[in-house]
Amino acid sequence: MENTATATKWITDTAHSELQFKVKHLVITTVTGQFKTFNGTVNSESEDFNNAKVNIDVDLNSIYTNNDDRDNHLRSGDFFDVENHPKMTFANGVLAHDNGDYKLTGDLTIKGTTKPVTFDVDFNGVAKDPWGNMKAGFEFSTAINRKDFGLTWNATTEAGGLLVGEDVKIIGSVQLQAAAEE
């Protein structure tokens with residue numbers, strides 16, 4: 001029997017997508033930031049996106065935490081070192097599901113260090129917008145230890161605690177649009 005499945009390429013609809021992170025500050029509050037510029041591609045041969053291939057590029061210069069001094073510090077060599085490492089990438093990702101539970105596993109690269117990472121994913125479905133474009137929606141999250149990626153800067157408080165937490169939550173809500181056939 002011949003396989004008639006054709007791959008559909010999907011691209012990030014950046015106007016309807018967001019990528020955030022959360023990290024503890026002084027161990028008592030959480031600071032939320034976002035990356036304003038990122039794009040991704042998903043190639044899928046099935047309507048339910050099982051075994052879809054995923055790649056994402058994030059412009060680290062686009063970091064935004066609602067505080068210019070903090071944003072500039074995060075761009076510096078103490079953290080992301082955007083002068084030498086302007087992008088964070090997620091490559092070789094595979095989205096798979098088992099009984100409706102989706103996982104996205106791939107290689108996350110930050111500051112020249114690549115580690116395997118798995119995201120929990122909610123597939124919110126597919127819909128056609130009023131202009132006839134096919135859209136797909138996903139929400140995803142994971143937690144990483146920033147030190148595993150060379151983000152080791154920290155300061156000790158007067159009480160002996162750490163200024164910045166080591167665990168970072170990564171949260172995204174992404175709308176994809178089926179790319180025009182070439």
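Predicted model: local features only at pLDDT ≥ 70, side-chain atom pairs only at ≥ 80, totals over all residues.
Reader: Which residue of β8 is the bridge partner of Val-94, and how do the strands concerned run?
Author: Strand β7, residues 87–98, and strand β8, residues 101–110, run antiparallel and are joined by 8 bridges.

Reader: Which residue in the turn between β7 and β8 has a positive phi?
Author: The two strands form a hairpin, with 2 residues between them. The residue in that turn with a positive phi, of about 55°, is Asn-99.

Reader: How many residues apart in sequence are the parts tied together by the salt bridge of Lys-103 and Asp-120?
Author: The side chains of Lys-103 and Asp-120 meet in a salt bridge at 2.3 Å, N to O. Lys-103 lies in strand β8 and Asp-120 in strand β9, so the parts that this pair ties together are separated in sequence by 17 residues.

Reader: Is Lys-103 buried or partly exposed?
Author: Buried would require under 20% relative accessible area, and exposed over 50%. Because Lys-103 has a relative accessibility of 40%, its class is partly exposed.

Reader: How many residues apart in sequence are the parts that Lys-135 and Asp-13 tie together?
Author: A salt bridge of 2.4 Å, N to O, is formed by the side chains of Lys-135 and Asp-13. Lys-135 belongs to strand β10, residues 134–145, whereas Asp-13 is in the loop between β1 and β2, so the separation in sequence of the parts they tie together is 122 residues.

Reader: Which residues are joined with Lys-135 into one network of salt bridges?
Author: Lys-135 and Asp-13 are both buried, and Asp-129 is buried as well. The side chain of Lys-135 also meets that of Asp-129 in a salt bridge, at 4.0 Å, N to O. Through shared partners, the residues joined with Lys-135 into one network are Asp-13 and Asp-129.

Reader: Is Val-27 buried or exposed?
Author: Val-27 sits in the loop between β2 and β3, and together with Leu-26 and Ile-28 makes a nonpolar surface patch of about 300 Å². Because its relative accessible area is 59%, Val-27 is exposed.

Methods
Residues numbered from 1 in each chain as written. Heavy atoms only, no water. Pairing = 2+ DSSP bridges. Helix = DSSP H or I, 4+ residues; strand = E, 2+ residues; numbered from the N terminus. Patch = residues over 30% accessible without salt bridge, like charges linked within 9 Å, V, L, I, M, F, W, Y side chains within 5 Å. Areas by Shrake-Rupley, 256 points an atom, 1.4 Å probe, with all protein chains shown as cover. Buried < 20%, exposed > 50% of the residue type's maximum accessible area, 1.4 Å probe, protein only.
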